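Colleague: I would like to learn how to read a sheet and the helices on it. Can we take one case?

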Amino acid sequence: MQANPKSPWPWRHILITGASSGIGRALAEALAAPGVTLHLGGRDAARLAEVAAACTAKGANALPHQADVRDAAAMAGWINAAGPLDLVFANAGIGAGTGLGFERPDDARAVFETNVTGVLNTALPAIAAMALQPPGADGVRGRVAVVASIAAFVAAPGAPSYCAAKAAVQRWAEALDATERHRGIRLHSICPGYIRTPLTARNRFPMPMLMEPEEAARRTLAGIAAGRLRVAYPWPVYAMARLVGGLPPVWRAAMMQRFPGKD
Ligand SMILES: NC(=O)c1ccc[n+]([C@@H]2O[C@H](COP(=O)([O-])OP(=O)(O)OC[C@H]3O[C@@H](n4cnc5c(N)ncnc54)[C@H](OP(=O)(O)O)[C@@H]3O)[C@@H](O)[C@H]2O)c1
């Protein structure tokens, strides 16, 4: 991989799932520059086209692609046809919780299918393709960033499936990095706190240190560029999640029962 003088970031061939909204959109726009090819995935064609147009206006070669991350064959087809990939974001995700007083079974399944299986459907073909690419000057063939969450560190009663799904992909990415880095592939777990996107717009509880998606994108890219295995921000929310997550389960549950569930 050669540095791109037209971009503050070193990557030229990038694929992002969930690029049609929120954090994915902000990542795409932050990475858009002349000499950069962006493969942009999502389901909503109109919003994807809008993001692609914004990236093209910044000089990037933006290639929108409608794909559902739950469809393993479609995801493998898209990723295998994309050509070389320096950086892949398994970012697409949905939220659900106990806002109705309980977590609906269909919501629980949908969260695992999108936030866990969808991540595997993105990361596994990307890793297989990267293994065949030549390493760059830094010895890295490619990077896969899995967008987990600070929710990975707390079993919050208001969002059981969401927390469990995020814990699964955060641990999977961090464990896998230990072996994949020996063949030149790096994994990164991205653990944002509360970010202002459509996903959090319906939350009915206080969201400490709510951050704009542009700032989340900047911190994510800076963390990956620095080679950090886990990119978690903002640190006070991360520290609090680690603290609460480390409490005895009964104390944690009693403390967190007071928060309304996620819709
Ligand atoms: N916002 C936060 O506070 C926060 C904090 C920590 C982690 N995260 C994580 O960050 C990621 C992005 O979330 P966001 O806040 O940016 O939410 P968002 O604005 O709702 O965007 C979600 C994106 O995921 C895509 N998506 C959802 N289901 C999909 C599917 N089955 N197939 C393909 N694409 C699908 C959506 O595309 P379409 O609409 O086109 O289908 C959309 O582009 C998620 O993994 C989320 O869990 C968010």
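Colleague: How many bridges join strand S1 to strand S2?

Modeller: This is a predicted model, where local features need pLDDT of at least 70, side-chain atom pairs count only at pLDDT 80 or more, and totals for chains, interfaces and linings use all residues. Residues are numbered from 1 along each chain as its sequence is written. Strands (E, at least two residues) and helices (H or I, at least four) are DSSP runs, numbered from the N terminus. Two strands pair if DSSP finds at least two bridges between them. Here 4 bridges join S1 (residues 13-16) to S2 (residues 37-42), and the two run parallel. In this pairing His13 is opposite Thr37 of S2.

Colleague: What is the order of the strands in the open sheet?

Modeller: The 7 strands are ordered S3-S2-S1-S4-S5-S6-S7, with parallel pairing. S3 (61-66) and S7 (230-233) are at the edges with a single partner strand each, so one side of each has no neighbour in the sheet.

Colleague: At what angle do H1 and helix H7 pack?

Modeller: Axes are lines fitted to C-alpha atoms, for helices over the stretch in contact, and angles run from 0 to 180 degrees between N-to-C directions. For H1 and H7 (residues 213-225) the angle is about 65 degrees, and the axes are 8 Å apart.

Colleague: Which residues in H1 meet H7?

Modeller: Contact requires C-beta atoms, placed from the backbone, within 7 Å. Gly22, Ile23, Ala26, Leu27 and Ala30 of H1 meet residues of H7, among them Pro213 and Leu221.

Notes:
Contact = placed C-beta atoms within 7 Å.
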